[in-house]
Amino acid sequence: MIKFWFPILLLCSAVQAEPFDCMIAVTRQDASMDWWYAVPQEYAPKVNRISTVAKDEYFRIIPIFRNYGTDSNQNARISFDVEVLRPDGTTDISLTECQGHIGSAVTATLLPAQAILNMCFDPEDPYGEYAINVSSVDHISNQTNRQHTVVELRKFSFEKLSEKEREQLFLQYATAPNPSKAASAFMQTHHSFFDEENEPIWSAIWFFKTIFENNEYLIPHLMDEFPVATVKQKRDLMLVMTLMDRVEQLPRVSGELNVYLRLMKAGRIPDPYEEITTGKQLDMLWAEFFATGTIEPIRQIARSLSLVQYVGTLDKIKAGELDPETPEVFHDGMLEAVFQSALWSLKSNCQAVPLVYQYCEGILHSGELDAPAENCLALLLQSIATDPEKSNLTEKKE
């Protein structure tokens, strides 16, 4: 199965010098390519290549061009053919005259194809190595480039992960997604997905919910584990299936598990894209970012910095100047606490994950935030940029 994606393009460029070249990126990174196009141009996008996939797992084939020619109007015109060959050498997919790039190309940089192949192998496809051949034509310089790579179709299996590997998965997933490993981590998670007040730990469960929702091939494998799962694993599966509104796919349960399922179905799920008023929404947004690598949850968190108007309320409550029992004061104090959480989490994740910092720079320069939020974000990024220990976050490409 194959789909084409046409991401929103920034103006890219090229100066003809070296021979026309093409690289084939096979990746699980999000097809919207925020990780490329929403990053300011002075930063080099990071491509995470993969070599193995499972059946029904979507992945991307992205031709990336360089040393392409431009006409007198600084327009490039590139097309490409692609074929995918089965392990026995027969043709699985053959597409011709795909859109490489048509239009403005004004700087010397790597240029991803405008047509991105979003494909998966079907259940009837044989396991083994599939050859991917891409033939690209630069119609301006009249040059052709041929490239070859392989991807291996492997049978899905749950892999045993160490505690350290499970912990690292969360921070690494945004730039190096691996849905099968995430499913393994979910099934092997020892801690509860609920806190002491019996509230879901949204930063954890929403992370897995988002991954499973975006990678539906995992759900049958998870359901196959249900009959032999521990009580905790069954409850975890019931929780995540409820959050995905897929309860009907669960096996029938009785007794205490049935009571638990009814409680899950009766629970209220916050909407992280409504106006930010709680820390739960922030946790869900961070979980979505780490599960997808997309910019939209970071935008929503950055918008919440407009709550800076409530700063000072908590100090006045502590000093006895305001009565926290007053509904308005309590409300304002809660919103300042949310602002402080948003500011702290943005700073912490900007320092830990370069993509977050780069997204925030792009958001700041876009002018889309209101003045209070924009000023807060600018001060935050400036404090990080001037920290010599964080110079790796602000390192520009040559």
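This is a predicted model: local features need pLDDT of at least 70, side-chain atom pairs count only at pLDDT 80 or more; totals for chains, interfaces and linings use all residues.
1. Strand E5 and its hairpin. Strand E5 covers residues 75-85 and runs antiparallel to strand E6, residues 91-104, with 10 bridges joining the two. Leu-85 has Thr-91 of E6 as its bridge partner. The hairpin of E5 and E6 leaves 5 residues between the strands, and in this hairpin Gly-89 adopts a positive phi near 90 degrees.

2. A salt bridge between Arg-86 and Asp-92. These two residues form a salt bridge in which the closest N and O atoms lie 3.6 Å apart. Arg-86 is partly exposed, at a relative accessible area of 26%, and Asp-92 is likewise partly exposed, at 22%.

3. Ser-79. This residue belongs to strand E5. Its relative accessible area is 8%, under the 20% limit, and Ser-79 is therefore classed as buried. The side chain of Ser-79 makes a polar contact of 2.8 Å with the side chain of His-139. Beyond its neighbours within four places in sequence, Ser-79 is in contact with residues including Glu-97, Cys-98, Gly-100, Ser-135 and Val-137.

4. Salt bridges across the chain. The whole structure holds 11 salt bridges. One of them joins the side chains of Glu-199 and Lys-280, at 3.3 Å from N to O. This pair links distant parts of the chain, 81 residues apart: Glu-199 lies in the loop between helices H3 and H4, and Lys-280 in helix H8, residues 279-292. Both are partly exposed, Glu-199 at 23% relative accessibility and Lys-280 at 36%.

5. Glu-216 and Arg-246. The side chains of these residues meet in a salt bridge of 2.7 Å, N to O. The pair, 30 residues apart, connects the loop between H4 and H5, which holds Glu-216, with the loop between H6 and H7, which holds Arg-246. Glu-216 is partly exposed, with a relative accessible area of 48%, whereas Arg-246 counts as buried at 18%.

6. A salt-bridge network. Glu-296, Arg-299, Arg-303 and Glu-368 are linked by salt bridges into a network.

7. His-365. This residue is placed in helix H12, residues 354-366. With 58% relative accessibility, over the 50% limit, His-365 is therefore counted as exposed. The C-alpha atoms of His-365 and Pro-40 are separated by 8.9 Å, although the two residues are 325 residues apart along the chain.

Terms used:
Residues are numbered from 1 along each chain as its sequence is written. Side-chain values use heavy atoms; hydrogens and water are left out. Two strands pair if DSSP finds at least two bridges between them. Helices (H or I, at least four residues) and strands (E, at least two) are DSSP runs, numbered from the N terminus. Buried means under 20% relative accessible area, exposed over 50%, partly exposed in between (1.4 Å probe, protein chains only). A polar contact is a pair of N or O atoms within 3.5 Å; within protein, one must be able to donate a hydrogen and the other to accept it, and residues adjacent in sequence count only if both atoms are side-chain atoms. Contact means heavy atoms within 4.5 Å. A salt bridge is a side-chain nitrogen of Lys or Arg within 4 Å of a carboxyl oxygen of Asp or Glu.
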